[in-house]
Amino acid sequence: MTEAVRETPKKERPEFRNIHVTDLMKYRLPLAGIVSILHRISGALMFLLLPFVLYLLQESLRSEYTFANFMIIASHPIAKLVMLALCWGYTQHFCAGVRHLVMDTHVGLDKDSARKSATAVLVITVVVTALVALKLFGVF
């Protein structure tokens, strides 16, 4: 070996053995990673709120009297927020799912296309959820 190769100092590289919860805020996740995590959160949200949705469906279909009770429940602001969360969850899960299906066909796998599709998922989700919120809270 030559003298220059032997004398080159070895670059100190950081070691990451375990990531602590306090270290999570130091990492910057790419937009595609955020969409992926939101896809999982929205799926869990829809699964956990399924009994609430089935209860409302049951009450709305039982009779005219229970439908009136359903309307009272559905007009409560907390129930509207739950319905809005469900709408966001469904929209997020649907759009991210379509994105994943397209990526399964090997389309849009490069970094730039993945960033654009992740941005599109987030924008569509926010716009649809905002429109539903405006409708739920009686703006139009």
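How far apart are the end C-alpha atoms of α5, and what span should its 26 residues have at 1.5 Å a residue? The end C-alpha atoms of α5 are 37 Å apart, which agrees with the 38 Å that the helix should span, where the expected span is 1.5 Å times one less than the number of residues. Helix α5 covers residues 111–136; helices here are DSSP runs of H or I with at least four residues, numbered from the N terminus.

The model is a predicted one, in which local features need pLDDT of at least 70 and side-chain atom pairs count only at pLDDT 80 or more, while totals for chains, interfaces and linings use all residues. Residues are numbered from 1 along each chain as its sequence is written, and side-chain values use heavy atoms, with hydrogens and water left out.

Within α5, the residues A114, A118, V121, T125, T129 and A133 are buried, a term that stands for under 20% relative accessible area, with exposed meaning over 50% and partly exposed in between (1.4 Å probe, protein chains only). These buried residues of α5 pack against α2 (31–62) and α4 (77–104). The largest nonpolar core consists of five residues, V35, C95, A96, A118 and V121, and α4 and α5 each supply at least two residues of this core. Such a core is a set of buried Ala, Val, Leu, Ile, Met, Phe, Trp, Tyr and Cys residues joined through side-chain atoms within 4.5 Å. When residues up to four places away in sequence are not counted, V121 touches V35, Q92, C95, A96 and R99, contact being defined as heavy atoms within 4.5 Å.

The structure holds one salt bridge, that is, a side-chain nitrogen of Lys or Arg within 4 Å of a carboxyl oxygen of Asp or Glu. It is formed by K116 and D112, whose closest N and O atoms are 3.4 Å apart. Because K116 and D112 are four residues apart in helix α5, about one helical turn separates them. K116 counts as exposed at 56% relative accessibility, whereas D112, with a relative accessible area of 38%, is partly exposed.

After α5 comes G138, whose phi is positive, near 80°. V139 also lies in the segment after α5, and V139 counts as exposed because its relative accessibility is 58%. Elsewhere, I73 is found in helix α3 (residues 64–74) and is partly exposed, with a relative accessible area of 31%. The C-alpha atoms of I73 and L56, 17 residues apart along the chain, are separated by 8.7 Å.
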